[in-house]
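Biologist: Could you walk me through this one? I would like to start with a charged side chain and then move on to the sheet.

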Amino acid sequence: MGTSSLPLAVLLFGVELTQDVIVAAGVLAMVVLMALSAFFSSSELAMFSLASHRIDALQEEGKPGANTVAALKDDPHRLLITILVGNNLVNIAMSSIGTALFGFYLSQGQAVVAATFGVTALVLLFGESAPKSYAVENSESWALTIAGPLKWSERLLYPLVVLFDYLTRVVNQVTGGRAAIETSYVTRSEIQDMIKTGEREGVIEEDEREMLQRIFRFNNTIAKEVMTPRLDMNAVSTEATIEEAIQTCTQAGHERIPVYEGELDNVIGVVSLEDLVREYLYGESEDLELEDLIEPTLHVPESKNVDDLLREMQDERVQLVIVIDEFGTTEGLLTAEDITEEIVGEILEGEEELPINFVDDDTVRVRGEVNIEEVNDALDIDLPEGEEFETIAGFIFNRAGRLVEEDETFRFENVALTAERVENTRIMKARVRRLPEEEAEDRDLESLEDETVEET
């Protein structure tokens, strides 16, 4: 059955090889090819799971092989083609040799079936599963180890690599696919998902996770979302005395307050409590007026990015800026502390309450000026933000379409919102409750815990 192969051996090697020698040589070739299959399979996983920033770090540390890894990753498409060509060549070669070896002992059909299943099992175990598991656990060290041999493989297989690289690009152009592999290691949303996973796994503490998430939101935040609104502003007129200005500062608990001329839409600067007290107690001039202590400040549009604004405030050395709308009307004010709190969280003083207080796992009490996004994060809900509003109070007014009365409750999808405290026309405090699934599914619900619910 196998004697038909012997004349070919005579032609190739000039000697008549026995069947045992041919089988032994075939088995040895299979072992070598299996090792090459494991090499290419593990190379793919190790090279493409190694982050770009880690490659830069390895180069800076002077690790052997780091420069070769960087050179290979500079053209990821060429690298992938090299690995795939090498891997497929050795796997096909193993199938062919396996079929020939089984042919010595089985019929042609049996040999094909045995080689198909036998070689597939060996490749899956020793050429794919085991080496890739190792590469996952040791991606960095293994990438450095195999970088040199992989570079030599690219040179050895250069004609085939160039051919298939070209053919792949042609096919991608025809099918509308991408010819290049994306070089970005990770997206912004993936980093945020990793932060959440890190908290679940105990790698990141809850307060660390909250700070990291605030950092991601920071460069998308505008002045209108952070400012103290006009209704909550404390300011003094240029006609006020220094003593009146000191009184306003101390009663409001602020270190600095704006000074306006005529009306609040004409803010001309700010005064600091430190300057006011110093001049009031120790000033040598008896004719000193409040206007003499005014320091200039910035007027910024409400759409100003707070990241850019913080840098501008640092450059101009101002601690308080006035936020204006498109018509130049004063909308509110913003301090360096307000911007800092966007990253580090609320900085409370004395008996000041937290902006968000948990009643239970599904309910929070919040100040009316709290941003909707913060409430969404706290309860894992999805209240929408609009162009006209960013706060919980603004959301409730928008849903109501009118003035809201105290203790009035509204429902949006699976969320119930109650205006707990209303002063004049302002919602000072609200309660937000995430409804249980069975309660949220009841679209005809008329009351929530004996509260009047108005569907909007």
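Biologist: Is E128 buried or exposed?

Modeller: Bearing in mind that this is a predicted model, E128 has a relative accessible area of 19%, so it counts as buried, the cut-off being under 20%.

Biologist: And which residue does the side chain of E128 meet in a salt bridge?

Modeller: The partner is K132, at 3.1 Å from N to O. Both residues belong to helix α6, which spans residues 108-137, and because they are 4 residues apart there, about one helical turn separates them. K132, for its part, is partly exposed, with a relative accessible area of 27%.

Biologist: How many salt bridges are there in the whole structure?

Modeller: A search of the whole structure gives 15. One of them joins the side chains of E255 and R256 at 3.5 Å, N to O; E255 is partly exposed at 47% relative accessible area, and R256 is partly exposed as well, at 26%. Another brings together E312 and K304 at 2.9 Å, N to O, with E312 partly exposed at 27% relative accessibility and K304 partly exposed at 23%. There is also a network in which D275, R278 and E279 are joined by salt bridges that share partners.

Biologist: OK, the sheet now. What is the strand order?

Modeller: The sheet is open and has 4 strands in the order β1-β7-β6-β5, with mixed pairing. At its edges are β1 (228-229) and β5 (298-301), each of which pairs on one side only.

Biologist: Which strands run parallel, then?

Modeller: β5 and β6 (residues 320-324) run parallel and are joined by 4 bridges, with L298 having V321 as its bridge partner in β6. By contrast, β6 and β7 are antiparallel and share 5 bridges, one example being V323, whose bridge partner in β7 is G332. β1 and β7 are also antiparallel, over 2 bridges, and there T228 is partnered by L333 of β7.

Biologist: What happens in the hairpin of β6 and β7?

Modeller: That hairpin has 5 residues between the strands, and G328 takes a positive phi near 85 degrees.

Biologist: Which helices pack on the sheet?

Modeller: Helix α14 (residues 306-316) packs on it, touching β5, β6 and β7 (330-335), and its direction makes about 70 degrees with that of β7. Helix α15 (residues 336-344) lies across β1 and β7, and also runs at about 70 degrees to β7. As for β7 itself, the strand is mostly covered, with 5 of its 6 residues buried.

Biologist: Changing topic, what does S43 contact?

Modeller: S43, which is found in helix α2 (residues 19-48), is in contact with I83, W142, I146 and L150, leaving aside its neighbours within four places in sequence. Its relative accessibility is 0%, so S43 counts as buried.

Biologist: Last one: which residues make the nonpolar surface patch?

Modeller: The patch, of about 720 Å², is made by L89, L160, L163, F164, Y166, L167, V170 and V174. Helix α8 (residues 158-175) contributes the largest share, with 7 residues.

Biologist: And how exposed is L163?

Modeller: L163, which lies in helix α8, is partly exposed, with a relative accessible area of 43%.

Notes:
Residues are numbered from 1 along each chain as its sequence is written. This is a predicted model: local features need pLDDT of at least 70, side-chain atom pairs count only at pLDDT 80 or more; totals for chains, interfaces and linings use all residues. Side-chain values use heavy atoms; hydrogens and water are left out. Two strands pair if DSSP finds at least two bridges between them. Contact means heavy atoms within 4.5 Å. Axes are lines fitted to C-alpha atoms, for helices over the stretch in contact, and angles run from 0 to 180 degrees between N-to-C directions. Buried means under 20% relative accessible area, exposed over 50%, partly exposed in between (1.4 Å probe, protein chains only). Patches are made of residues with over 30% relative accessible area and no salt bridge: like charges are joined within 9 Å, nonpolar side chains (Val, Leu, Ile, Met, Phe, Trp, Tyr) within 5 Å. Accessible areas come from the Shrake-Rupley method with a 1.4 Å probe; for residues, only the protein chains shown count as cover. A salt bridge is a side-chain nitrogen of Lys or Arg within 4 Å of a carboxyl oxygen of Asp or Glu.
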